[in-house]
Amino acid sequence: MTLKTIKINTKSKSYNIFLGSNILGNLRTFLKRENLRLNKSLLIIDKNIPTNFTKLLIKNFNKRNLFILYFVSNENNKDQRSIEKIHNTLFSKNFNRDDCIVSFGGGILGDVAGFAASTYKRGIKFINIPSTLLSQVDSSIGGKTGINNKFGKNLIGSFYQPDLVISDTKVLKSLPKREIICGYAEILKSCLLDSKKSFKFIDNNLNKILSLDDHYITNAILISCLLKKKVVEKDEKEKNLRKILNLGHTFAHAYEASLSYSKKLNHGEAVIIGLKNSINFSRKLKKVSTKNYQIINNHLSRIKLRPEIYKLIKKIKISKIINFMKSDKKNTSNKINLILLNDFGRIQINYQAKISQLKNFLVEELNKKNLQ
Ligand SMILES: NC(=O)c1ccc[n+]([C@@H]2O[C@H](COP(=O)([O-])OP(=O)(O)OC[C@H]3O[C@@H](n4cnc5c(N)ncnc54)[C@H](O)[C@@H]3O)[C@@H](O)[C@H]2O)c1
């Protein structure tokens, strides 16, 4: 499998994403190519990554200039205490602005390490090595960093582009199945946002992608990266176009929040159901054609979520879901903004649904067998 290079050009920074299988050991080559010199580095590693991968990465560094922290990835640790721990380590080792933080982990660690990098002495170098499918297709692209606090998720943060991203698909092999589905949800969203051709590719090769076959998973990640590149290059700070990336997420976030971000429902599972809702809503308004609706719906029904998920969501009170949707800052008091699909690659970002309309819709949706 050849190495893919995706150049991201934003107003604040240009950088490359290197994507391929078994490329972790080549960090030095990538640094040379990018003209990046590492003085001191703080490598922060997700504790669940198997040691064979971490050893391969560590080999690239000069041991005298390397400091290592291990991180337990969960939403509780995505907080100010972790930032303080990282900053204190950097201060105690006299890190300067041309030194570097390297994150080797999923979306949680990437967001935390990126935020720590953006705020330490107003910004030091940052290299992101995403180790989950979700982080390779989504969170490592676009420069959003952040942490949670007691008022909610991702409420404190910054836009801070990395200097380099390395996505090694080999690292995904140790992920639990649920985490693969989680990343796949964002791949599916990207393909719907992109084009019929992209959708056809994942539709024809769903099983090969989910089983991480090198050629197919790399291409699926590439499609997502290119779509996100196109969007963030036009709208780095989510003023308008970037909102399309929230397709399915208005519903998904409301389910997650209604269940207090329980581990029983992960983000990707919520997004799969949220995408179903958005497509069904789009069809109800006759925005998407019957033919396209059928092929998308058929694809969604091939993604098997655990049966408990459906039971869990069906139990949530509709008023609770609506309240969480209302609390989204984009909404006015009696209308809720939805992102709908008109066609592959054609998205409406500002459909204003009436509360009563949404209530009736959710009653229908949650009564469906397997929410289909
Ligand atoms: N910045 C953005 O643009 C953006 C976009 C989407 C999501 N996010 C954030 O991303 C986070 C979710 O990221 P995630 O889904 O990657 O979750 P995560 O970082 O929690 O990783 C999921 C699980 O996989 C484990 N893990 C990581 N790499 C592994 C590997 N190679 N082998 C085995 N286990 C491994 C982790 O320890 C964790 O238990 C959320 O906090 C969300 O807010 C950010």
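Q: What should I know about numbering and confidence?
A: Residues are numbered from 1 along each chain as its sequence is written. The model is predicted, so local features need pLDDT of at least 70 and side-chain atom pairs pLDDT 80 or more, while totals for chains, interfaces and linings use all residues.

Q: Is I86 buried or exposed?
A: I86 counts as buried, because it has 22 C-beta neighbours inside 10 Å; the cut-offs, with C-beta atoms placed from the backbone, are 20 or more others within 10 Å for buried, 12 or fewer for exposed, and partly exposed in between.

Q: And which residues is I86 in contact with?
A: Leaving aside neighbours within four places in sequence, I44, L69 and A116 (contact: C-beta atoms, placed from the backbone, within 7 Å).

Q: Switching to α15, which residues are buried there?
A: L358, L362 and E365 are (helices are DSSP runs of H or I, at least four residues, and strands runs of E, at least two, numbered from the N terminus).

Q: Why do those sit on the same side of α15?
A: Because they cover an arc of only 65° around the axis, taking the directions from the helix axis to the C-beta atoms.

Q: What's on the other side?
A: S356, V363, E364 and N367, which are exposed.

Q: What do the buried ones pack against?
A: The buried residues of α15 pack against α11 (267-284), α14 (318-327), β10 (335-343) and β11 (346-354).

Key
Two residues are in contact if their C-beta atoms, placed from the backbone, lie within 7 Å.
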